[in-house]
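I opened my notebook to work through one protein model and write down what I looked up. The entries follow in the order I made them.

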Amino acid sequence: MRRMPSGLRPRSGKGRYAMTTLILPGWQGSGPEHWQAHWLDLMEKTVLVRQRDWQHPDLGDWLAAAIEAIERHPNAILVGHSLGAALIAHLANRRPDLPMAGALLVAPADVDNRAAQVLEIASFAPLPTAPFGFPAIVVGSRNDPWMPPARARILARMWEAEYVDAGYAGHINAAADLGAWPEGQRLLARLATVAQGKPLPHGSGFSGGALRKPIFPVAAIAN
């Protein structure tokens, strides 16, 4: 991946994006047309969590890199895509002591059902299902080849995260042609608001711990 230019538990912070945003790409990284790459280009205080080997991910190595980044940027919001979202679940399960303000898990990879076919992700199975200790949103797609939407909803409920239906957006990656994905940026802003302990507008629907209706219109993207 190229380097682009530089139950809820509220955490402290100030400003719309006062805390750092840590970007966790999935297997093979996120190319220049991926929304994660656009966020690194456009948004302040957004940091890429670099992995030693994007092609052959090892859970231990990826955890170590993420832990180092979180310790360097305490109270950051984690934004994971695909295997990066699965990595967040492992972080929440193995290191609940880490100062994580919140997480946005986009199109999490179903490592339990795909590890047999894709050996590169085998070390990430099984996927933890324990509740997170921080506010989180899971964004799923109705035609994601890496995660059936019904399972994504179940995982969100088990993690006590809000579930957002992205419509027919494939794997919510570069192929979906989302650009800088403004809807995702709005979700990130909502997480930042909750993490800072600020009230959301009445009727916003974000409370975590339960399955919720989409908080932005269902996408009409076909992959």
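**Entry 1: the largest pocket**

I looked up the largest pocket and found a volume of about 210 Å³. The model is a predicted one, and I kept that in mind for every entry.

Next I asked which residues lie nearest the centre of the largest pocket. They are Gly26, Trp27, His81, Ser82 and His171, out of 14 residues in the lining. I then sorted the lining by type: 5 residues are nonpolar, 9 are polar and none is charged.

**Entry 2: Ser82**

Ser82 was in the pocket list, among the residues nearest the centre, so I looked it up on its own, because I wanted to know whether it counts as buried. Ser82 has a relative accessible area of 10%, and the cut-off for buried is under 20%, so Ser82 is buried. I found Ser82 in the loop between β3 and α3. Its phi is near 60 degrees, which is a positive value in a residue that is not glycine.

**Entry 3: the chain as a whole**

I stepped back to the whole chain. I noted 6 helices and 6 strands in the protein chain. Along the sequence they follow the pattern β-α-β-α-β-α-β-α-β-α-β-α. The protein chain has 223 residues, and buried residues make up 52% of them.

**Entry 4: the sheet**

In what order do the strands stand in the sheet? I read the order as β2-β1-β3-β4-β5-β6, an open sheet of 6 strands with parallel pairing. β2 (46-48) and β6 (162-165) are at the edges; each has a single partner strand, so one side of each has no neighbour in the sheet. From one strand to the next, the twist averages 20 degrees.

I reminded myself what holds such an arrangement. Strands of a sheet pair through backbone hydrogen bonds, and the pairing is either parallel or antiparallel.

I picked one pair to follow. Strand β1 (residues 21-24) pairs with strand β3 (residues 76-81) in the parallel sense, over 4 bridges. Within this pair I traced Ile23 to its bridge partner in β3, which is Val79.

**Entry 5: two helices on the sheet**

I looked up which strands helix α3 (residues 83-94) lies across. They are β1, β3 and β4 (100-106), and α3 runs at about 135 degrees to β3.

Helix α6 lies across β1, β3, β4, β5 (136-140) and β6, and runs at about 155 degrees to β4.

**Entry 6: the loop between β6 and α6**

I looked up two residues here. Gly167 lies in the loop between β6 and α6, and Trp181 has its place in that loop too.

Is Gly167 buried or exposed? Its relative accessibility is 0%, so Gly167 counts as buried. I also checked Gly167 against Gly140: the two are 27 residues apart in sequence, and their C-alpha atoms are 7.9 Å apart in space.

Trp181 is buried as well, with a relative accessible area of 3%. The phi of Trp181 is near 50 degrees, a positive value in a residue other than glycine.

**Entry 7: a cis peptide bond**

Last, I looked at the peptide bond from Ala125 to Pro126. This bond is cis, with omega near 0 degrees. Pro126 sits in the loop between α4 (111-114) and β5.

Key:
Residues numbered from 1 in each chain as written. Predicted model: local features only at pLDDT ≥ 70, side-chain atom pairs only at ≥ 80, totals over all residues. Heavy atoms only, no water. Pairing = 2+ DSSP bridges. Axes fitted to C-alpha atoms, helices over the stretch in contact; angles between N-to-C directions. Contact = heavy atoms within 4.5 Å. 1 Å grid on protein atoms, 1.4 Å probe; cavity = no way out; pocket = protein on both sides within 12 Å on 5 of 7 lines; lining within 4 Å. Points joined across faces, edges and corners; volume = space filled by probe spheres on them. Nonpolar A, V, L, I, M, F, W, Y, C, P; charged D, E, K, R; others polar. Buried < 20%, exposed > 50% of the residue type's maximum accessible area, 1.4 Å probe, protein only.
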